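Here are a few friendly notes to read alongside the model. Keep the structure open and look up each residue as you go.

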Amino acid sequence: MTIAMPAPDSRVIAQAPRIVAALRAVLPPDAVIDDPQETRAYECDALTAYRCPPMAVVLPRTTAEVAAVMRICADMGVPVVPRGAGTSLAGGALPTADCVILGTMRLREVLEIDTANRYVRVQTGVTNLSVSAELEPHGFFYAPDPSSQLACTIAGNIAMNSGGAHCLKYGVTTNNLLGATVVLTTGEVVDLGGPEMGPAGLDLLGVLCGSEGQLGVVTEAVLRILPRPEGARPVLIGFDSPEVAGECVANIIRSGVLPVAIEYMDEPCLRAVEAFAKAGYPDCPAVLIVEVEGSKAEIDDQIARIRAIADALNPVEFRESRNADEAMAIWKGRKSAFGAMGRLGDYICLDGTVPVGQLPYTLRRIGELSRQHGLEVANVFHAGDGNMHPLILFDANKPGDLARAEAFGADILRLCVEVGGCLTGEHGVGVEKRDLMSEQYAPDDLAIQMQVKDVFDPGWLLNPAKVFPLEASAAHRARAAE
Amino acid sequence: MTVALDLAPATEAEVADILADCHARRTPLRILGGGTRVENRVPGETLTLSRLSGVVTYSPGEMTLIARPGTPLPEIEQMLEAEGQALAFEPPDMRGILGRNGTPTLGGTVAANASGPRRLLAGACRDHLLGVRFVDGRGRVLKNGGRVMKNVTGLDLSKLLAGSHGTLAVLTEVVLKTLPLLPARTTLAFPDVTEATALRIFTTALSTPYEVSGAAHVGGAAYLRIEGLDSQLAYRRDRLLALLAEHRPEVMDDAPWQAIRDAAHFAGTDPLWRILCKPTEAPGLCDGLRAMGGDCSLDWGGGLIWYRGPGNPRDLAAHATLVRRGGVSGPAFPPLAPAVARLQDGLRRSFDPAGILNPGLMDG
Ligand SMILES: Cc1cc2nc3c(=O)[nH]c(=O)nc-3n(C[C@H](O)[C@H](O)[C@H](O)COP(=O)(O)OP(=O)(O)OC[C@H]3O[C@@H](n4cnc5c(N)ncnc54)[C@H](O)[C@@H]3O)c2cc1C
């Protein structure tokens with residue numbers, strides 16, 4: 001455990017019974033949890049190396065209940081950690097001992113499906129996958145598709161500005177979010193954006209999206225929806241070097257064909273996937289999965305173009321899928337990659353992003369760093385937009401191994417910044433990358449971001465120990481506490 | 001306005017010096033790119049960004065463009081076109097409707113979050129903005145975002161600055177995503193249809209997967225634009241022709257998309273409003289607007305109404321911005337809910353504590 005959290009506020013903890021009683025007075029009985037047996041279920045998110053049971057958990061069902069909770073917490077000076085499904089890989093939903101976890105997963109209604117105006121309005125506790133499932137009979141879908149889409153909620157997607165395999169073509173959450181209903185720390189409920197294609201004043205929705213629960217609690221969202229494509233088909237391309245695979249990615253992108261996805265898997269990942277899922281991938285150092293969409297003729301044409309680009313680079317294999325089963329077989333290994341890696345042991349998953357042209361160099365340097373740190377790393381990621389996902393394998397039971405993995409991870413992220421990229425492309429900063437923020441941003445760049453938080457959350461009650469390095473936020477937090 | 005007296009910094013450091021000085025003296029500034037966007041009647045000295053110009057880096061293979069705000073838009077468009085790329089959001093040229101003769105700049109486009117017909121499919125300017133460098137109202141040189149396609153590192157201030165009309169900071173460098181120019185395009189035109197019919201056409205076409213990249217109604221005709229690879233275009237065109245046969249579409253290869261983009265049909269001097277609405281509300285709103293005595297056109301599949309004429313469109317539609325005053329006084333921007341207005345004021349005060357940057361320009 002190398003990431004420090006501030007000491008819990010003893011004044012808040014001393015008041016716990018009063019705080020819980022106040023929450024019980026405004027919420028239904030089953031919506032307030034303070035039994036330590038039960039609050040433990042909320043002690044961490046998908047960054048499981050860090051755990052801390054919260055003081056209490058509230059599970060409201062309506063925006064009005066969320067507002068009532070916020071008013072009480074603001075009055076009593078209680079930190080609030082919003083939580084969706086708890087699948088954050090960055091510790092965004094990690095509690096502190098003096099906090100109330102405000103879970104929005106019971107706000108689960110689809111409020112409006114308007115295909116004529118091409119949006120849906122949902123409560124944010126709905127899962128990502130269920131939104132597209134609701135839209136399926138209408139011939140529409142919601143584009144951002146994080147791999148965790150079965151579990152993760154729209155609230156978490158908005159807070160993290162999540163992406164997915166298909167965002168190369170369709171963009172990430174912020175490009176598909178039209179409006180949000182937000183509860184501020186004052187308990188006020190505001191609508192930012194709406195079904196219209198632009199804000200009335202400043203783009204507050206744009207700054208809310210990806211703000212990691214720092215600015216307000218999002219209870220409803222208006223999402224842009226798209227007509228379902230006629231069809232989609234993947235191809236698999238194997239290369240005998242990561243550099244050439246990287247070149248292929250860049251050439252495809254330049255060619256004018258816009259695939260919906262370009263996924264990359266390296267040798268350690270392929271080995272794990274083969275052992276676990278028997279996907280039948282070629283035995284080579286790098287595999288790309290490229291998916292295109294359209295009618296049958298359009299797909300054939302795009303695949304022919306991609307084949308021409310790939311052939312010029314001497315691939316080990318170019319595998320097309322002639323039917324749905326073959327398409328599924330191509331995706332099978334990629335989709336099971338995380339599960340397969342999980343069987344190899346513990347891992348941390350980073351998501352630093354680099355300019356596409358820097359992929360070959362970055363991959364080579366990660367290999368060198370892996371030997372230096374003595375830990376294995378596997379790469380499986382969204383290559384089309386340079387969004388890497390290095391998975392560092394370690395053994396949590398081995399003393400010092402987590403710290404070594406974290407040091408290795410920090411080196412990879414520094415490398416990403418050094419080549420012109422960023423610390424995180426889609427998972428967020430949370431606590432995991434908090435202390436690395438100064439690698440990417442100068443003190444003033446962080447200060448202006450914290451000033452935005454000051455405006456939305458003057459008391460620094462929302463997720464206060466995340467995103468900004470503690471020493472950078474100390475003055476803001478201290479001023480807020482007065 | 002006498003150009004000789006303008007403040008015209010050529011470097012970011014000079015911008016920072018000027019802003020720090022104006023902050024200390026609490027002297028308001030009118031920020032101009034090429035001077036071709038919203039009417040700027042703010043008092044104070046003029047800060048012109050035309051000298052802070054030039055492309056820093058353009059990497060077609062990475063689909064990124066880094067340039068200074070004063071760079072003329074035509075220069076950028078030519079450079080991208082030579083590589084078979086474009087700014088997919090189709091930045092408009094507002095000179096015609098604003099009666100200006102400056103050159104539209106990249107900074108002005110971003111500051112106005114200005115997007116053309118393809119906004120419908122490709123998103124707005126802000127969706128293509130990957131990062132910014134800027135100077136705030138204290139004179140601090142700052143940055144946010146970067147030059148990669150996906151970036152969630154910290155708060156996204158680039159989005160906040162896009163469309164802030166120079167009221168929060170002065171942009172000194174912008175990073176934009178560029179996209180391959182689709183090689184083929186055509187238009188289905190529907191001469192002589194009402195807005196109500198146009199909307200039915202739009203709804204049908206925009207529920208298909210054929211990636212309609214423009215849906216407008218101007219001068220009594222509706223237009224649908226499709227773009228793609230050569231192999232896609234004929235197929236998409238024929239499918240849409242069949243689906244919309246009852247409305248008698250005509251294939252048109254020289255449709256006026258540039259004029260639609262620039263709302264060129266509403267050049268002049270009388271009041272001009274830009275109204276955002278749900279597309280299905282557009283026909284009703286147009287009837288109401290015409291009853292006030294003016295003319296309308298539609299873009300973005302009905303999501304954007306241009307209204308030229310007398311009266312106050314805010315009586316009908318909340319989301320109306322006065323783009324050309326034509327003698328109308330009062331705030332140009334729509335009013336906001338009190339809590340939202342408070343947040344917006346708070347942000348202004350933290351970016352620009354002395355209130356020197358285009359003060360009042362975005363008042364609702
Ligand atoms: C196996 C696996 C695969 C993944 N794949 C992807 C992927 O492909 N792409 C991707 O982008 N991410 C991915 N993730 C990360 C994660 O799923 C996303 O970040 C997701 O959006 C989190 O949603 P959640 O509902 O679980 O939110 P949580 O984890 O509960 O919370 C995430 C953040 O949102 C805040 N928050 C939650 N609810 C609210 C609210 N109502 N208002 C304001 N703030 C709120 C929290 O405070 C926290 O900071 C993956 C995770 C796992 C475990």
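1. A word on naming comes before the rest: helices and strands here are DSSP runs, a helix having at least four residues and a strand at least two, and they are numbered from the N terminus. Please also keep in mind that this is a predicted model.

2. Let's begin with the spaces inside. The structure holds three cavities of 30 Å³ or more. The second largest cavity has a volume of about 500 Å³. It is lined by 33 residues, and those closest to its centre are B:A112, B:N113, B:A114, B:H165 and B:R274.

3. Which strands of chain B each supply at least two residues of that lining? They are β14 (272–276), β16 (304–308) and β17 (320–324). Sorted by class, the lining of the second largest cavity has 18 nonpolar, nine polar and six charged residues.

4. Now turn to where the chains meet. On chain A, 85 residues are in contact with 72 residues of chain B. Together the two chains bury about 6500 Å² between them, with 60% of it on carbon and sulfur atoms.

5. What links are counted across this boundary? Between chain A and chain B there are seven salt bridges. You can find one of them at B:E211 and A:K169, where the closest N and O atoms are 2.7 Å apart. The count of residue pairs in polar contact between chain A and chain B, both at pLDDT 80 or more, is 27.

6. Several elements of chain A give two or more residues to the side that touches chain B, among them β5 (110–114), α9 (242–255), α11 (296–311) and α17 (443–456). The element giving the most is α17(A), with nine residues. By class, this side of chain A has 36 nonpolar, 29 polar and 20 charged residues.

7. Over all chains, the salt bridge count comes to 52. As a reminder, side chains of opposite charge can pair when their charged atoms come close. In chain A, A:R414 forms a salt bridge with A:D411, and their closest N and O atoms are 3.0 Å apart. Because A:R414 and A:D411 are three residues apart in helix α15 (residues 401–418) of chain A, about one helical turn separates them.

Technical notes: Residues are numbered from 1 along each chain as its sequence is written. Chains are lettered from A and ligands numbered from 1 in the order in which they are written. This is a predicted model: local features need pLDDT of at least 70, side-chain atom pairs count only at pLDDT 80 or more; totals for chains, interfaces and linings use all residues. Side-chain values use heavy atoms; hydrogens and water are left out. On a 1 Å grid over the protein atoms alone, a cavity is a set of points where a 1.4 Å probe fits but cannot get out, and a pocket is an open set with protein on both sides within 12 Å along at least five of seven lines; lining residues have an atom within 4 Å of a point. Grid points are joined across faces, edges and corners, and a volume is the space filled by probe spheres set on the points. Ala, Val, Leu, Ile, Met, Phe, Trp, Tyr, Cys and Pro count as nonpolar, Asp, Glu, Lys and Arg as charged, and the others, Gly among them, as polar. Contact means heavy atoms within 4.5 Å. Buried area is the accessible area (1.4 Å probe) that two parts lose on being put together, summed over both. A salt bridge is a side-chain nitrogen of Lys or Arg within 4 Å of a carboxyl oxygen of Asp or Glu. A polar contact is a pair of N or O atoms within 3.5 Å; within protein, one must be able to donate a hydrogen and the other to accept it, and residues adjacent in sequence count only if both atoms are side-chain atoms.
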